[in-house]
Amino acid sequence: FPNGWVASIVENTQHPEKNAKYSVTMCDYNGYFDWSILNQYGADEGCFYCNSEEEICNALAVIEGL
């Protein structure tokens with residue numbers, strides 16, 4: 001995104017207890033993750049856990065708006 005953040009969307013295999021297909025988080029252009037910024041927007045441990053395209057798009061909109 002133009003604000004310097006990169007979204008990372010991956011299949012959620014690390015935390016099956018979250019009952020989500022995907023996790024969405026962010027890192028900077030150098031690949032460094034910030035696991036705390038998204039928590040203030042409803043993320044869980046720095047990740048949005050999503051099951052639908054709409055949920056993924058909503059998570060991306062949060063990252064884009066930072």
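**Group meeting: a walk through the model**

Hi everyone, let's start with Ala59, which sits in helix α1, residues 53-64; helices here are DSSP runs of H or I with at least four residues, strands are E runs of at least two, and both are numbered from the N terminus. Before going on, a word on the source: this is a predicted model, where local features need pLDDT of at least 70 and side-chain atom pairs count only at pLDDT 80 or more, while totals for chains, interfaces and linings use all residues. Residues are numbered from 1 along each chain as its sequence is written, and side-chain values use heavy atoms, with hydrogens and water left out.

Is Ala59 buried or exposed? Ala59 is buried, at 2% relative accessibility; buried means under 20% relative accessible area, exposed means over 50%, and partly exposed is in between, with a 1.4 Å probe and protein chains only. Leaving aside residues up to four places away in sequence, Ala59 touches Val24 and Phe48, where contact means heavy atoms within 4.5 Å.

The largest pocket has a volume of about 210 Å³. Points are joined across faces, edges and corners, and the volume is the space filled by probe spheres set on them. Of the 14 lining residues, Val10, Gln14, Ser23, Trp35 and Cys47 are the closest to the centre. β1 gives the largest share of the lining, three residues. By class, the lining has five nonpolar, seven polar and two charged residues; Ala, Val, Leu, Ile, Met, Phe, Trp, Tyr, Cys and Pro count as nonpolar, Asp, Glu, Lys and Arg as charged, and the others, Gly among them, as polar.

Take two of those residues. Ser23 lies in strand β2 and is buried at 9% relative accessibility. Its contacts beyond four places in sequence include Val10, Cys47 and Phe48. Trp35, by contrast, is partly exposed at 45%.

Trp35 also has a ring partner. Phe33 and Trp35 form a stacked pair, 5.0 Å centre to centre with 10° between the planes. The rule pairs rings of Phe, Tyr and Trp (its six-membered ring) if their centres lie within 6.5 Å, and calls planes under 30 degrees apart stacked, over 60 edge-to-face and the rest tilted. Phe33 is partly exposed too, at 38%.

Now to charges. How many salt bridges does the structure hold? There is one, taking a side-chain nitrogen of Lys or Arg within 4 Å of a carboxyl oxygen of Asp or Glu. Asp44 and Lys18 make this salt bridge, at 2.5 Å from N to O. Asp44 is in the loop between β2 and β3 and Lys18 in the loop between β1 and β2, so the pair ties together parts 26 residues apart in sequence.

Those two loops hold one last item for us. Most residues other than glycine have a negative phi. Asn19, in the loop between β1 and β2, has a positive phi of about 50° and is exposed at 63%. Glu45, in the loop between β2 and β3, has a positive phi near 55° and is exposed at 53%.

Key:
On a 1 Å grid over the protein atoms alone, a cavity is a set of points where a 1.4 Å probe fits but cannot get out, and a pocket is an open set with protein on both sides within 12 Å along at least five of seven lines; lining residues have an atom within 4 Å of a point.
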